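User: I am new to this one and would enjoy a guided look at it. Could we take it a question at a time?

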Amino acid sequence: MSQGAAEADDRHLRLLAEFDNYRRRTAKEHEAARREGRRAALLPLLPVLDSLERALATGSTDRDFYDGVAATHRLFLAALREAGAEPIESVGQPFDPNLVEMSPF
């Protein structure tokens, strides 16, 4: 193999490696953007969940009203799960800084 052919082969291999690195980097960036988009969409909904849970904890003398709030709570939790959010059991658990604001939804 001549020196020119070896240099062309070397350039070709370097270009393939650069493209592979680019492909992996953009895949990581795409995944990070997807996670951030999901987080940005779901985060504002968490106060709604908190309000529903407070309403359930308060209770009601109107059974139909309470059952409606409970049904709404169940539907809301199902929608959050379908969107990729999962509850994290924290009551009685030691604080884990890796879970706070780091959950990938």
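**Rings, helices and contacts**

User: How many aromatic pairs does the count come to?

Analyst: This is a predicted model, with local features needing pLDDT of at least 70 and side-chain atom pairs 80 or more, while totals for chains, interfaces and linings use all residues. Residues are numbered from 1 along each chain, and side-chain values use heavy atoms, without hydrogens and water. Rings of Phe, Tyr and Trp (its six-membered ring) pair if their centres lie within 6.5 Å; planes under 30 degrees apart count as stacked, over 60 as edge-to-face and the rest as tilted. By this rule, the count is 1 aromatic pair.

User: What sort of pair do the rings of F19 and Y22 make?

Analyst: The ring centres of F19 and Y22 lie 6.3 Å apart. Their planes stand at 35°, so the pair is tilted.

User: How far around helix α1 are F19 and Y22 separated?

Analyst: Helices here are DSSP runs (H or I, at least four residues), and strands are runs of E (at least two), numbered from the N terminus. Helix α1 covers residues 3-42. F19 and Y22 are 3 residues apart in it, so their separation is about one helical turn.

User: Does Y22 count as buried, partly exposed or exposed, and what is the class called?

Analyst: Buried means under 20% relative accessible area and exposed over 50%, with partly exposed in between (1.4 Å probe, protein chains only). Y22 has 44% relative accessibility, so its class is partly exposed.

User: In what order do the elements of the protein run from the N terminus on?

Analyst: The secondary structure comes to 3 helices and 0 strands. From the N terminus on, the order is therefore read as α-α-α.

User: What box do the C-alpha atoms of the protein fill?

Analyst: The protein has 105 residues, and buried ones make up 10% of them. Taken along the principal axes, the C-alpha atoms fill a box of roughly 90 × 30 × 15 Å.

User: How far apart are the end C-alpha atoms of helix α2?

Analyst: The expected span of a helix is 1.5 Å times one less than its number of residues. Helix α2 (residues 46-58) has 13 residues and should therefore span 18 Å. The distance between its end C-alpha atoms agrees with that, at 18 Å.

User: Which residues of α2 are buried, and against which helix do they pack?

Analyst: L49, L52 and L56 are the buried residues of α2. They cover an arc of only 60° around the axis (from the directions to the C-beta atoms), which puts them on the same side of α2. The helix they pack against, residues 63-82, is α3.

User: With which residues is L49 in contact?

Analyst: L49 is in helix α2 and counts as buried because its relative accessibility is 11%. Contact means heavy atoms within 4.5 Å. Leaving aside neighbours within four places in sequence, the contacts of L49 are H73, F76, L77 and L80.

User: Which residues does H73 touch?

Analyst: H73 lies in helix α3, and at 12% relative accessibility H73 counts as buried. Not counting residues up to four places away in sequence, H73 touches L49, L52, E53 and L56.

User: Which residues of α3 are buried, and against which helices do they pack?

Analyst: The buried residues of α3 are V69, A70, H73, F76 and L80. Seen down the axis of α3, they fall within an arc of 125°, so they line one face of the helix. The helices that they pack against are α1 and α2.

User: How far apart in space are R74 and T26, C-alpha to C-alpha?

Analyst: R74 is in helix α3, and it is exposed, with a relative accessible area of 54%. R74 is one of the exposed residues on the face of α3 turned away from its buried side. R74 and T26 are 48 residues apart in sequence, and C-alpha to C-alpha their distance in space is 37 Å.
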